[in-house]
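Trainee: Could we go through this structure together? I would like to begin with the aromatic side chains.

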Amino acid sequence: MSNTRLPEMLTLDVRSAFEKTLAFHLGDEKSHECVSRLLDRYGSFSTVFSGSEEEICRVGGVNMNTALLIKLMAYIHARRVVERFNTKKVYTELELREFV
């Protein structure tokens, strides 16, 4: 994986960020292939994240460790959303679109 610094990673689209995160576990080429297979099967990241570990493992090249990493990413994102909305702030439509 290239030496992408955090500020650069924060500007990545969802697919690239997902691939770069999996690359720490699988390597660059395998992470790209894995994400492609997951999206081919599930159609969206939301659907991938909502699958069980066992369902995710049915995708070729995904073992239980990879499935658990994917579920951990989904959990961290969900916690971020809950914590961000667990305030008394009124959000604009533009701010809400970040989470859709």
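Trainee: Which residues do ring pairs link into a cluster?

Mentor: This is a predicted model. In it, Phe18, Phe45 and Phe49 are joined into a cluster by ring pairs.

Trainee: How many aromatic pairs does the structure hold?

Mentor: There are 2 aromatic pairs. In one of them, the ring centres of Phe18 and Phe45 lie 5.1 Å apart and the planes meet at 70°, so this pair is edge-to-face. It links distant parts of the chain, since Phe18 belongs to helix H2 and Phe45 to helix H4, 27 residues apart.

Trainee: And Phe18 with Phe49, what are the distance and the angle there?

Mentor: That aromatic pair is edge-to-face, with 5.6 Å from centre to centre and 75° between the planes. Phe18 is in helix H2 and Phe49 is in helix H4, so the pair ties together parts 31 residues apart in sequence.

Trainee: Is Phe18 buried or exposed?

Mentor: Phe18 has a relative accessibility of 4%. The cut-off for buried is under 20%, so Phe18 counts as buried. Phe45 is buried as well.

Trainee: Changing topic to helix H6: what span should its 22 residues have?

Mentor: Helix H6 covers residues 64-85, and at 1.5 Å a residue it should span 32 Å. The C-alpha atoms at its ends are 31 Å apart, which agrees with that expectation.

Trainee: Which residues of H6 are buried?

Mentor: Thr66, Ala67, Ile70, Met73 and Ala74 are buried in H6.

Trainee: Which exposed residues does the face turned away from the buried side carry?

Mentor: That face of H6 carries Asn65, Tyr75, Ile76 and Glu83, which are exposed.

Trainee: What does the side-chain oxygen of Asn63 reach at the start of H6?

Mentor: The oxygen of the Asn63 side chain comes to within 3.0 Å of the backbone nitrogen of Asn65.

Trainee: How far is the C-alpha atom of Ser52 from that of Lys71?

Mentor: The C-alpha atoms of Ser52 and Lys71 are separated by 8.0 Å, while the two residues are 19 residues apart along the chain.

Conventions
Residues numbered from 1 in each chain as written. Predicted model: local features only at pLDDT ≥ 70, side-chain atom pairs only at ≥ 80, totals over all residues. Heavy atoms only, no water. Helix = DSSP H or I, 4+ residues; strand = E, 2+ residues; numbered from the N terminus. Expected span 1.5 Å × (residues − 1). Buried < 20%, exposed > 50% of the residue type's maximum accessible area, 1.4 Å probe, protein only. Polar contact = N/O pair within 3.5 Å; in protein donor to acceptor, adjacent residues only side chain to side chain. Phe/Tyr/Trp six-rings, centres within 6.5 Å; stacked < 30°, edge-to-face > 60°.
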